[in-house]
Every structure is written in structure tokens, then in C-alpha cells.
Amino acid sequence: MEKLLEILDGIRPDVDFVNETKLIDDGILDSFDLVSIISELNDEYDIAIRVTELKPENFNSTEAIMNLVQKLKNNN
Amino acid sequence: MPLFNFNNIKIAGMACAMPSNITKTETFKDLFGTEEVDKFMLMTGITQTRRTSKHQTAADLGYTAAEKLLQHKNIDRSEIGALIFGTHSPDYRRPASAFIIHKRLGLSIDTAVFDISLGCSAMVYGIQALASMMASSNIKKALLIVGDTAGKTTNPLDRASIMLIGEASVAILLEKTEESTPIVSLMRSDGNGYRYLIVPAGGYRNLEASHENEICHDGIERNLHNSMMQGTSVFTFTISDIPKLMKDFWQLTNTTVDDYDCFAFHQANLYILQQIAKKLKIPPEKMPLTLSKFGNTSGASPIVTLCDAFGEVEEKELNTLFCAFGVGLSWGAFSAKINTSDILPIIEDDTYFEEGVINSMKEL
């Protein structure tokens, strides 16, 4: 989780990724943030996030993003 | 997997035409705010684009590019056996715009002429279609024209797209040759992504589609006649499927990144191209970019980029890998040897086919 927080903070240092739970629903992250996050996650965790995974519930919080990463790593 | 080999057909020339009208990206700061526009420029690399005037179309620019190319190469027009125009910005619902270009170029009636309805991937698919026709016929020379004026269907308030789009058309001359200069082409498609890039109205599905603006899921105002792009979906598709396509292409052709002098890629946006280049270990000096000057010029963009980079370069052979991807979803790649002396510098042109503007049925 620490590594993930480091990645997210690197992309949007102004966002409270520890506590926010509506990153997408409340429009805190824009599409440029999201593509940066997807790209970093793919590289860091050696996963391939697909279009079918682009649901708000997968990106609304750091915990949700971590769950998505774990799911994709387990599927690899 | 559709892999095509054309052994005795070469790219004998290419030209590009675009309007002179420049829109600076920073002028959108009043509309969208400084922070948003600065972030856009950083991510996309786009600082300006070119836009056509009200009645100028992709076919006009394509005609200009083709006319200059035929003159430059001193081509006997009666030898052109096929003309394909790849566009999503036709002059009319019918006839196909390729016929307008055919008329204006003064080509013979012994010419096979049609449009291909594709956007960003139109050049890759057009080359395959044209080369296939030539390979199975007595056609010795043929023209592919590709271009779009996507800005005309983009809502001016659509901050996701209005700053992104540039307008241009290109012409490519294919010729049969005795030399062994193979063109190898690989193409893919996924109709599941048909909604990722779409103009919902204008076809025959909904003839009474409303022109009223609505607030979309991304908070941007558009109507059914406007382009809609799900940017994150397109990006996600691109960074996974394009590297895979390239790796498959190299495996099937027994080549590597080192075998190519130049990577002429669709100029989608800077961040996407940087991600693809990083994954494929393509040296930046081998991937020319024109995003900063011309934006995303749809299917024309790989040739726009070659004309910009090599239009003034004398005699130099380039083993080039072309790659394009976008609306459909549709993506593909092909390799070809090109000589820089066959690449014309970018042409600016603001003229249009005045006879083609039909304002009343009584004119017909």
C-alpha cells in the first residue's frame, strides 16, 4: 500500500489519497490523472489494466485501486 | 491474424496539405482556465493546431496534396488505376468524396474509386486495400488519400477534444516496381469499442437526432451531432494493444526495433506515444513528432509527420514502420521502404471546391 500511495502522491500531490473515497465520483481525478495512474500501475506491478476495469468503483479510493492491482496480479 | 505481403509495390511519393489558419492552444485559457490548459499542453504536447474554414473539407486538402504529388512526380493521370479516400469527414452522405477528388484530378473513367470509412487507422487500412487491388490486377499506379476535419463536429466547449484536433489531408502514390521492396501489413479491429469514439447522429440510425446540448458523464456539454471520445478507454486500449501489435508484427516478420530507421506513428497525443515508445524501447530520435505544431490530425498524421521531418531532406532511404490506431476500434501497422526524395514538404492551402457547396436543391 505504501508503494501505491507513493505513486498516487507523485501524480497528484494535492489529493488526500489516504482518506478520499470518491476520487472519481466527486471528480477529484480527471482523465489525465487516471491515464497517468493506469500507466504507472501497469509498469510498477507488471499488470495490464483493460478497458473493462475502468469503472469508478475500481478507482474511487486507494484501497479500491489496491484491490484491482491484487486481482490482476493474481490473474497473471 | 491478417498479415499481408506485397512484394513488388512501393510507396513512390507522398504529400500533405493543411490550412494556414493556426489556433494556439493557450488561447483556450479564457474558456477552460490556465491550469487545465497548461496540464493539457503538458500531457498532449499540443501547443497549436490548424483548422479549415467553414466550407473547406478533407477532400479539398486531399485534392491539393494529390495534385501537387502528381505534378511533382510528373505522372500521366491515365495511368492511375485506383483512388481510395480514407475519411470520416466526407463532403456528402453520398456520393463518396473520392468521386469529387476523381473529378477534380481529371482521372480516367478506367479508375476504381471509393471511400473507406475509417479515422485514425485509415492510412494503414488504405495501403492494404490499395496494394491488394494492385497485386491482383493490371493497375500500375494508384492513389491513397487520407484526411479528416474532425474539428467541424467537435463541440467548441468540449475541452477534451477541441484543443486536440488538427486538420490535414495526405496523398500517397503507390507504384508497381521490379525492385523487391516489400510492404508488410498487419491489422486488427475490436467492435466492442464502437462507443469509445463516436458521432452518434448523422447516419441512418437516428434521422431525427436532437441538436440540443446535454451535459455528458464527463461534465462536458455536447449534442448528438458532436464527436464524443472516452479518452481514458482509448488510452487504456492504446497502451496495451499497440505494443502487443508491434511485438506480434516483429515476431511474424522476424524483425526487431533495430531493423527500422523510422517509426511513423499516429500522432494521438504525446503521453500515449511516450508510453508506447517506452514499452517498445523505440529510441526517441527514430520517432518523429508533430503534435506540438499540428495536433492530432487523425489518419493523416503519420504522413504529416514524415512530410514535416523529411520534406526537405534529399535522397535517403528509410525503412519505416507505420502504425495507426483509433475509432472503431481499429489498429494496424505496416512496414515499407521510402525514399526521402519522394516526400514533399507540407503544403498550405485554404482553397475549396466552390462548385461543391450546394445550398439549394434547385441548384441540382
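Analyst: Let's start with chain A. Along its sequence, chain A reads α-α-α-α. The model is a predicted one.

User: How many helices and strands does chain A have?
Analyst: Chain A has four helices and zero strands.

User: Why call chain A as compact as a globular protein of that length?
Analyst: Its radius of gyration is 11 Å, and the globule rule gives 11 Å for 76 residues, so chain A is as compact as a globular protein of that length. The C-alpha trace of chain A spans about 30 × 25 × 20 Å along its principal axes.

User: What share of chain A is buried?
Analyst: Of its 76 residues, 21% count as buried. As for contacts in chain A with a separation of 6 or more, 61% of them come from residues 24 or more positions apart.

User: Now helix packing. At what angle do α1(A) and α4(A) cross?
Analyst: Roughly 115 degrees. Helix α1 covers residues 2-11 of chain A, helix α4 covers residues 62-75, and their axes come within 11 Å. The crossing of α1(A) with α4(A) is right-handed.

User: Which residues meet there?
Analyst: From α1(A), A:Leu4, A:Leu5 and A:Leu8. They meet A:Thr62, A:Ile65 and A:Met66 of α4(A). By class, that contact of α1(A) with α4(A) has five nonpolar residues, one polar and no charged.

User: And α1(A) with α2(A), what's the geometry?
Analyst: Helix α2(A), residues 31-45, packs with α1(A) at about 145 degrees, and the axes are 10 Å apart. α1(A) passes α2(A) in a right-handed crossing too.

User: Which residues make that contact?
Analyst: On the α1(A) side, A:Lys3, A:Ile7, A:Leu8 and A:Ile11. On the α2(A) side, A:Asp33, A:Ser36, A:Ile37, A:Glu40 and A:Glu44. The contact of α1(A) with α2(A) divides into four nonpolar, one polar and four charged residues. A:Leu8 also takes part in the contact with α4(A).

User: Switch to chain B. What order do the strands take in the six-strand sheet?
Analyst: The order is β6-β5-β7-β8-β2-β17, in an open sheet of chain B with mixed pairing. Its edge strands are β6 (112-116) and β17 (347-348), and each pairs on one side only.

User: Do β5(B) and β6(B) run parallel or antiparallel?
Analyst: Parallel, over five bridges. β5(B) is residues 80-86. B:Leu83 has B:Val113 in β6(B) as its bridge partner. Helix α4(B), residues 97-105, packs on this sheet and touches β5, β6 and β7 of chain B. Its direction makes about 135 degrees with that of β5(B).

User: Where does α9(B) lie?
Analyst: Helix α9(B), residues 301-310, lies across β2 (9-18) and β8 (168-176) of chain B. It runs at about 85 degrees to β2(B).

User: What about the five-strand sheet, which strands are in it?
Analyst: β1-β9-β16-β15-β14 of chain B, in that order. It is open, and the pairing is mixed. β1 (3-6) and β14 (262-265) of chain B each have a single partner strand, so one side of each is left without a neighbour in the sheet. Direction ignored, neighbouring strands of this sheet are turned by 20 degrees against each other on average.

User: How many bridges join β1(B) to β9(B)?
Analyst: Four, and the two strands run antiparallel. B:Phe6 has B:Ile183 in β9(B) as its bridge partner. Helix α5(B), residues 122-135, packs on the sheet and touches β1, β9, β15 and β16 of chain B. Its direction makes about 125 degrees with that of β9(B).

User: One residue now. Where does B:Thr340 lie?
Analyst: In the loop between β16 and β17 of chain B. B:Thr340 is partly exposed, with 17 other C-beta atoms within 10 Å. Leaving aside neighbours within four places in sequence, its contacts include B:Phe310, B:Val313 and B:Leu318.

User: Last topic. How many residues of each chain are in contact?
Analyst: 15 residues of chain B are in contact with 13 residues of chain A. α2 (34-44), α6 (231-253) and α7 (270-280) of chain B each supply at least two residues of the side that touches chain A. The largest share, eight residues, comes from α6(B). That side of chain B has six nonpolar, eight polar and one charged residue.

Definitions and conventions. Residues numbered from 1 in each chain as written. Chains lettered and ligands numbered in written order. Predicted model: local features only at pLDDT ≥ 70, side-chain atom pairs only at ≥ 80, totals over all residues. Contact = placed C-beta atoms within 7 Å. Nonpolar A, V, L, I, M, F, W, Y, C, P; charged D, E, K, R; others polar. Axes fitted to C-alpha atoms, helices over the stretch in contact; angles between N-to-C directions. Left-handed = near helix turned anticlockwise from the far one by under 90°. Pairing = 2+ DSSP bridges. Buried ≥ 20, exposed ≤ 12 C-beta atoms within 10 Å, placed from the backbone. Rg over C-alpha atoms; globule rule 2.2 N^0.38 Å.
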